[in-house]
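Trainee: I have a structure open and would like to understand the words used to describe it. Could you take me through them?
Mentor: Gladly; let us look at it together.

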Amino acid sequence: MSGNLHRLYNTARLAFQGDSQGTIESCCVAAHLLAAENLRLSAQDVICWVIMRIGPRRSREFLALMWRNHSVYESDFSVLDSLMRGFVNTGMFSLALDVLSRMREVGVKPSVSATNMLLKLLLRVGDYGSVWKLFRDMVYKGPRPSNVTFSVMIHGFCRDGCLEVGENLLHIMCKFRCQPDIYAHNCLINAYCFRGRTQDALSSVYLMIEKGCTPSCSTFSTLINAICKEGNVLEARKLFDGIHEFGISPNTIVYNALLDGYVKAREIGQATMLFDEMKMKCVAPDAVTFNILAGGHYKYGREEDLDKLLMEFSVSHLLPDYSLVDISVARFCWAGRLDEAMIFLEEMLDKGMPLSVIAFNSVIAAYGKAGREDKAFEVYRIMVKFGFTPSSSTISSLLMGLSNKGRLQDARECMDYMIQKGFRVNKSAFTVLLDGYFAIGDIDGAQSLWKEMEWRGVLPDVVAFSAFINGLSKAGLLKEAYGVFTEMSRRGLVPNNFTYNSLIGGLCNCGDLDEARKLEKKMRQSGLVPDNYTMNMIINGLCKMGNLSSAIRIFKEMLQTGLTPDIVTYNTLIKGSQSFDLVSGDEFVKMMYAGGCNPDVTTYNIRIHGFCSAQKINRAVRMLDELISFGISPNTVTYNIMMNGVCGCISFGITPNTLMYNYGDILARAKTLTAKLLKMGFVPNIVTINLLLSQFCKEGLFQEIFRWYRKLYEDGFEVDDITNKIMRRAYLKWLGENKISREMREKSRFLGFLMHFNYDHLQRDRCCSVLLTSYSNLVGDGQRELSSLTPG
């Protein structure tokens, strides 16, 4: 008989290809027969297939068909329980509630497991009224709420931001003869950590211990991860060291949480020591461990340490087969050998080797960061083709690749497609897209996406709120940013340093330094410590307003509070002081050296700009020579500053009285300096061209501007908005003045030399780039052709 029923089960699966009335009735009989032989799980599968095929409207008819004559095959409880589970599994909560009502009408008590499933679904869709009605019915009519019932409700309410409800449910469990277990406590602890309330999370741990419930590795990994995100790695380490007191040995997930904290704090040495400890205690690392450490070595460590890690994981025998493949793929990605990673991945798929989503995510993320988003989507298509379900990390990486290229429309369509397909699109994906909209200046798009998050039921976390506040602040929408900040606090989310810094930065940019200082004070009162980034923004704001004395006072406050000024601090003060006199800049350079901080190219650019602005070109040249002697590579900004200084010779060095005497010397010096800069490997850019065009305009040489602009257009150079503004300004001036003196002709010769010199170099560099690109494409095509001809 059993064999016949299994054949019936398989036949029902294959037969239900249409949705005719006869087919539905046949499936009803099949489900009844399976249930009659205690194959209720198979019966429920048949019910689910039918419901999904015919949809909510016809499912009511199906409910009536299943109820009719069911007594011949199975009990009232059996058929109604199967139907209730079927509707819950397919997300049709209103029909599931109808079945539950019928159960009450016919005097059948629902099963506690099916009721818990329905509670979970109702919480997910946000139907709180039905949740509380169902809970009351369970209390008064049965089945009695269980530990799982409370855990489901605590998790659901906490996930939706209703922490007080979750707390109250935990406290009343005992009244219903339920003892809070580790799962219930962890739901609440996770919610506290998610909202930045780590102190409340720690208090909850002590409470659970008092109640006789021992924390788990999951408890500690959640806490360590949250504390590390706050930047308090020392406190996280203390908690990690105290785990043994509870008779718990940290597992891989706990180690990974602390490793990630060390890496994000740039403490690579500590991360390496913890990894050694992990191996010594025989805790097996996994692909996540590898990615954390590889990322740390790649960003902040040494290349040889990354190579050593890659080799160590490759020869390790501690990992399962799929992790070895994952790590091998990640190894290629971290080494920048993306195409080799792709080839290796395809070979593993062809050989049937075990793989996980992590391998695909590594390649997708690497292609996205490299700006090759089309290849990232190719990997995604292969992933889906082989039956792998994209994770939230997959989707975030795809969106980030598109957003980084400014392809927000494509990114939006991609996210909509993922949602339509039922893939897990979480708040991280929305945050990536949010950052993308702000990056291209589409404030309306960002605000629209923020509202969409709400109505889709995706509750923003601290990271999402901070990203939104940061974007609004940078756009100068301080009132809106403050409103979001207030809403964030109202929801119980604790702002972090990044959140406060975003608002402080916006206030400083708008010149509201008094409000910025008030917010910094509020930041301290909330238990957060302002960092270098905070203080540098305030110092920069004061310097821009010309309030150098207050900026120096903030600088001294930094030293008193234990903050070590960094290169940004000193560069800001040097730049601010040079607005008054160059001697003050020298003093801050001395302080920089005394503080153990060496000048960088930005420091020298600021100093050179100061000397050029004061027409001390010889001092600027000496500063350039000093920069090179210290092994610092000048950049294009350096070049453009020097070019601006050379152009300054025209306005301040060539006058009607001195024109015949020093013009030759000035031109010779300009030629020598320009040649010297180009020999250093400088490549002029559009900023250089704009600088020279602007100088033409300043000197009234409008015909020269028009001639060079036409040449740029004819040669296919892409100009920017600044170029066009210079042109418009020149045209308006030209309409009112059209006389060229002898002095202007001499200046025209001078600027014409500089323009020819730079333009020629820029043209040659552009041609070389085109040739290199063509050569690279040609070689790539040849390699692909050769590969296609090579056997095997």
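**Reading the terms**

Mentor: Let us begin with helix α7 (residues 128–141), whose 14 residues reach 19 Å from first C-alpha to last, close to the 20 Å expected at 1.5 Å a residue. Please keep in mind that this is a predicted model, where local features need pLDDT of at least 70, side-chain atom pairs count only at pLDDT 80 or more, and totals for chains, interfaces and linings use all residues. Residues are numbered from 1 along each chain as its sequence is written, and side-chain values use heavy atoms, with hydrogens and water left out.

Trainee: What makes a stretch a helix here, and how is the expected span worked out?
Mentor: Helices are DSSP runs of H or I with at least four residues, while strands are runs of E with at least two, numbered from the N terminus. The expected span is 1.5 Å times one less than the number of residues. Helix α20 (residues 357–369) agrees with this, because its 13 residues should span 18 Å and its end C-alpha atoms are 18 Å apart.

Trainee: Which residues of α7 are buried?
Mentor: They are Ser130, Val131, Leu134, Phe135, Asp137 and Met138. Seen down the axis of α7, the buried residues fall within an arc of 160°, so they line one face of the helix; the arc is that of the directions from the helix axis to the C-beta atoms. The face turned away from the buried side carries the exposed residues Gly129 and Tyr140.

Trainee: Why is cysteine 187 called buried?
Mentor: Buried means under 20% relative accessible area, exposed means over 50%, and partly exposed is in between (1.4 Å probe, protein chains only). Cysteine 187 has 8% relative accessibility, so it counts as buried. Cysteine 333, at 12%, counts as buried for that reason too.

Trainee: How many disulfides does the structure hold?
Mentor: It holds 0 disulfides. For cysteine 187, the nearest cysteine sulfur is that of cysteine 158, 7.0 Å away, whereas a disulfide needs a pair of cysteine sulfur atoms within 2.5 Å.

Trainee: What makes arginine 407 and glutamate 373 a salt bridge?
Mentor: The term asks for a side-chain nitrogen of Lys or Arg within 4 Å of a carboxyl oxygen of Asp or Glu. Here the closest N and O atoms are 2.8 Å apart, and the pair forms a salt bridge. This pair links distant parts of the chain, 34 residues apart: arginine 407 is in the loop between α22 (392–404) and α23 (408–420), and glutamate 373 is in helix α21 (residues 373–385).

Trainee: Are these two residues buried or partly exposed?
Mentor: Arginine 407 is partly exposed because its relative accessible area is 28%, while glutamate 373 counts as buried because its value is 6%.

Trainee: Which residues are linked in a network of salt bridges?
Mentor: Glu373, Asp374, Lys405, Arg407 and Asp410 are. Within it, the side chains of aspartate 410 and arginine 407 meet at 2.8 Å, N to O. The structure holds 26 salt bridges.

Trainee: How do you know that glutamate 587 and lysine 590 form a salt bridge?
Mentor: Their N to O distance is 3.7 Å, and their side chains meet in a salt bridge. Both lie in helix α33 (residues 582–594), 3 residues apart, about one turn of the helix. Lysine 590 is exposed because its relative accessible area is 54%, whereas glutamate 587, at 39%, counts as partly exposed.
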